[in-house]
Amino acid sequence: MARMRKASRLLRRDDARAAISRLVVAGCDGYFAVDPRQIFAREAPLELEIGAGRGDFIIARAASIPAHDFLAVELAGQVSSVMAARAGRHGLTNLRVLRMDARPLVNLMLPADSISACHIYFPDPWPKERQAKHRLFTPTLVASLKRVLRDGARLYVATDVAAYAEGIFAMLEEGGFARVAEAVPGASATGYARKFIAEGRAVFAGAFVIGKKPPLFQETPD
Ligand SMILES: C[S@@+](CC[C@H](N)C(=O)[O-])C[C@H]1O[C@@H](n2cnc3c(N)ncnc32)[C@H](O)[C@@H]1O
C-alpha cells in the first residue's frame with residue numbers, strides 16, 4: 001500500500017509525466033493481441049483457418065454456420081484480398097480475414113484457449129530438404145496450436161503429400177494431440193482439394209483433439 005502511494009506521488013510530478021510521454025512508445029499495449037470478442041462483438045465458438053487461400057472452404061462454412069465466428073489467415077496479400085472480396089459478396093458478418101503469417105498469430109497474438117476448431121488444408125509442402133525451414137508445421141507451431149485450442153477443440157489437417165502427412169501426424173501425436181475417427185470438413189472442399197480430387201490425386205487427412213490440458217497453476221500440497 002505504501003509503495004502504491006509512493007508510486008502515485010511520483011506519477012503526479014510534472015517531470016515524471018514528461019519522462020513518460022517522452023520515453024514510453026505509444027500504442028504497444030495490446031499491439032500483440034488479436035481479441036476475437038472485440039472483432040466480432042460477441043462470444044461464439046471461434047474457428048480458424050490457416051493458409052485459407054481464396055477462401056472457398058471458410059466462406060462456405062461461415063455461411064452455413066452463422067452461430068460460429070471465423071478467422072481466415074492468409075499470408076499472400078493479393079490472395080487474401082480476393083478472399084475478402086469474395087466473402088464480402090456473401091455479406092458475412094461472422095468472418096474476418098487476417099493478412100499475415102499465421103505463426104506469430106498462434107504463437108503470440110491469439111488468446112490461449114480461444115479456438116474451438118482449426119483448419120489447415122494443403123500447407124505448402126516445400127519438398128526439398130533445403131526448403132524444410134519454410135514448412136508451416138514444426139514442433140513450435142504444434143505447441144502454439146495447443147496453446148490456442150480449447151479443451152476438446154478439433155484440429156483438421158489435409159495434404160496431398162504422403163510423406164508430409166506422415167511427418168505432420170507424427171509431430172501432432174508427439175505434441176499431445178490424439179487422432180480421432182472423424183470426417184475432415186475441408187478435405188474435399190477447399191480450392192486445392194477440389195483440384196487434386198479432380199486430377200485423381202490422393203488426399204491424406206486427419207482430425208485431431210488435444211488431451212486435457214493441465215491447469216496453468218498447479219496447487220501444491222502443504
Ligand atoms: C497450397 S495453398 C492452399 C490454400 C487452401 N488451403 C486450399 O486448400 O485451397 C497454401 C496457402 O497457404 C498460404 N500460407 C503459406 N504459409 C503461410 C503462413 N505462414 N501463414 C498464412 N498463410 C500461409 C499460402 O499463401 C497459400 O495461399
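Me: Which pocket of the structure is the space taken by the ligand?
Reply: The model considered here is a predicted one. Among the pockets found in it, the space taken by the ligand is the largest pocket. Two elements each give two or more residues to the shell around the ligand, and these are α6 (102-109) and α9 (191-198).

Me: How many residues surround the ligand, and how many of the shell are nonpolar, polar and charged?
Reply: The ligand is surrounded by 17 residues, and the closest are Gly51, Glu74, Ala102, Tyr121 and Thr190. Sorted by class, the shell around the ligand holds five charged and four polar residues, and the nonpolar residues number eight.

Me: What distance separates a polar side-chain atom of Thr190 from an oxygen atom of the ligand, and what share of the ligand does the protein bury?
Reply: A polar contact requires N or O atoms within 3.5 Å, and the Thr190 side chain places a polar atom 2.7 Å from an oxygen atom of the ligand. Taken alone, the ligand exposes 600 Å², and the share of this that the protein buries is 87%.

Me: How are the rings of Phe57 and Tyr121 arranged?
Reply: Four aromatic pairs are found in a search of the whole structure. For Phe57 and Tyr121, the ring centres are 5.2 Å apart and the planes stand at 80°; planes over 60 degrees apart count as edge-to-face, so this pair is edge-to-face.

Terms used. Residues are numbered from 1 along each chain as its sequence is written. This is a predicted model: local features need pLDDT of at least 70, side-chain atom pairs count only at pLDDT 80 or more; totals for chains, interfaces and linings use all residues. Side-chain values use heavy atoms; hydrogens and water are left out. A residue is near a molecule or strand if one of its heavy atoms lies within 4 Å of it. A polar contact is a pair of N or O atoms within 3.5 Å; within protein, one must be able to donate a hydrogen and the other to accept it, and residues adjacent in sequence count only if both atoms are side-chain atoms. Accessible areas come from the Shrake-Rupley method with a 1.4 Å probe; for residues, only the protein chains shown count as cover. On a 1 Å grid over the protein atoms alone, a cavity is a set of points where a 1.4 Å probe fits but cannot get out, and a pocket is an open set with protein on both sides within 12 Å along at least five of seven lines; lining residues have an atom within 4 Å of a point. A molecule sits in a cavity or pocket if more than half of its atoms lie within 2 Å of its grid points. Helices (H or I, at least four residues) and strands (E, at least two) are DSSP runs, numbered from the N terminus. Ala, Val, Leu, Ile, Met, Phe, Trp, Tyr, Cys and Pro count as nonpolar, Asp, Glu, Lys and Arg as charged, and the others, Gly among them, as polar. Rings of Phe, Tyr and Trp (its six-membered ring) pair if their centres lie within 6.5 Å; planes under 30 degrees apart count as stacked, over 60 as edge-to-face and the rest as tilted.
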